Amino acid sequence: MAALAPLSRESIPAFDALVAGGVTADVRKGTIRIGFTDGEDTTGLEHEFAAARDAGQHVPYRTSTGHEPPFSARVQQIVHLDGQRFVAPGPFLDALAGSLRERGGEIVEGAQVRSIGFGPGGLQVDTWSGAPHRADAVVLATGAWLPDLARRLGVRAPVQAGRGYSCSIPLAKPITAPVYLPGVRVAMTPYGDRVRVAGTMEIADRDTPFDHRRLDAILRSIRPLIDGADWTDVRDHWVGARPLTPDGLPLIGRTKLEGVHVAGGHGMRGITFGPATGKLLARQLMTGTDAPDLAPFHPLRTG
Ligand SMILES: Cc1cc2nc3c(=O)[nH]c(=O)nc-3n(C[C@H](O)[C@H](O)[C@H](O)COP(=O)(O)OP(=O)(O)OC[C@H]3O[C@@H](n4cnc5c(N)ncnc54)[C@H](O)[C@@H]3O)c2cc1C
């Protein structure tokens, strides 16, 4: 928690900086509501909030009792976490890509990187298709696939896929900010005129095919806890691999190969910490001075 606090403090300002800098992403402000049923209590969550505060984070929350949509009458206690931001991840990435292209950047879609190393003209990235790409600097950010290329760069930490599933459903009364149900570990976020439902931590090979039973289990778990959903209109089925590290800390910084860096291993927080990671790593790359806030995430750490 202490190691992550500086990244956490930087995370919302980093999103706001992207928008202020011209990235046309729909980054919304809101209060996240966390719902508890009668048999559950808030002690675990409040303990976590206390630890975050002890680590120097600002955690503005309050609790209320009573019934509030979209929760069903079974949810009677709600923790309101104020001052949050939320995004729809797909459109957010599209906005980032659009901004990069507008500024003269090139995205080579579908290219599978094979190796990173030194060629005749200096640092070069080889793909399975097309000519090698020459580079002044490389940032390897291949998520749960990171070890495939990073191991040869001295990065020993394994990265395990913690697969999560999501889909969208319509709600009779749309929500304007995310809600979370810690008892079943499922979150719901506004998604156009629908909501995106996400959950599950499936420890499996990163490329395992989509398992419908996992998504069905998520929907079954929230059905008694959410009112006004059309459970027959389930769309946007998706599975993704959260890149998990053994010590729960991301891998950000230089590798043993001069000019090659990694940014990954953020587990359940890769969207939250992505912009802050980019900002701190870019500064480190451009100045050549290691950022003290990134020290705990050194990719060459052992143990
Ligand atoms: C259901 C679900 C809900 C989530 N909810 C949240 C949330 O609420 N908040 C939050 O902060 N995070 C959340 N996460 C976690 C977040 O999605 C991840 O932490 C984040 O996507 C990791 O980003 P990344 O760029 O490191 O990896 P990825 O997003 O996995 O991107 C890596 C990319 O590299 C590509 N790649 C791999 N190997 C190669 C190669 N050799 N050549 C070229 N390309 C390659 C992959 O195809 C992939 O596109 C959630 C994840 C899931 C699954």
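**Exercise 1. Find how much area domain 1 and domain 2 bury between them, and which residues of domain 1 lose the most.**

Start with the total: domain 1 and domain 2 bury about 840 Å² between them, with 60% of it on carbon and sulfur atoms. Buried area here is the accessible area (1.4 Å probe) that two parts lose on being put together, summed over both. Next, look at the domain 1 side: R206, P243 and L244 lose the most area to domain 2, together 60% of what that side buries.

A quick word on what you're looking at: this is a predicted model, where local features need pLDDT of at least 70, side-chain atom pairs count only at pLDDT 80 or more, and totals for chains, interfaces and linings use all residues. Residues are numbered from 1 along each chain as its sequence is written, and side-chain values use heavy atoms, with hydrogens and water left out.

Now place the two domains, whose bounds come from an automatic or database domain assignment. Domain 1 covers 28–86 + 160–244, and domain 2 covers 91–102 + 111–159 + 246–297. Their centres, taken over C-alpha atoms, are 30 Å apart. Finally, nine residues of domain 1 are in contact (heavy atoms within 4.5 Å) with eleven residues of domain 2.

**Exercise 2. Look for salt bridges: how many are there across the interface of domain 1 and domain 2, and how many in the whole structure?**

First, the rule: a side-chain nitrogen of Lys or Arg must be within 4 Å of a carboxyl oxygen of Asp or Glu. Across the interface, that gives one salt bridge. R206 also pairs with D148 in a salt bridge, the closest N and O atoms being 3.0 Å apart. Searching the whole structure brings up 15 salt bridges. Among them is R33 with E68, at 2.8 Å between the closest N and O atoms. That pair links distant parts of the chain, 35 residues apart: R33 is in strand 1 (residues 28–37), and E68 is in the loop between strand 2 (61–65) and strand 3 (75–86). Strands (E, at least two residues) and helices (H or I, at least four) are DSSP runs, numbered from the N terminus.

**Exercise 3. Track down a cis peptide bond and a positive phi.**

Stay in the loop between strand 2 and strand 3, where P70 is found. A cis peptide bond joins P69 and P70, with omega of about 10°. Then move to strand 11 (residues 194–203), which holds T200. T200 isn't a glycine, yet its phi is positive, at about 75°.
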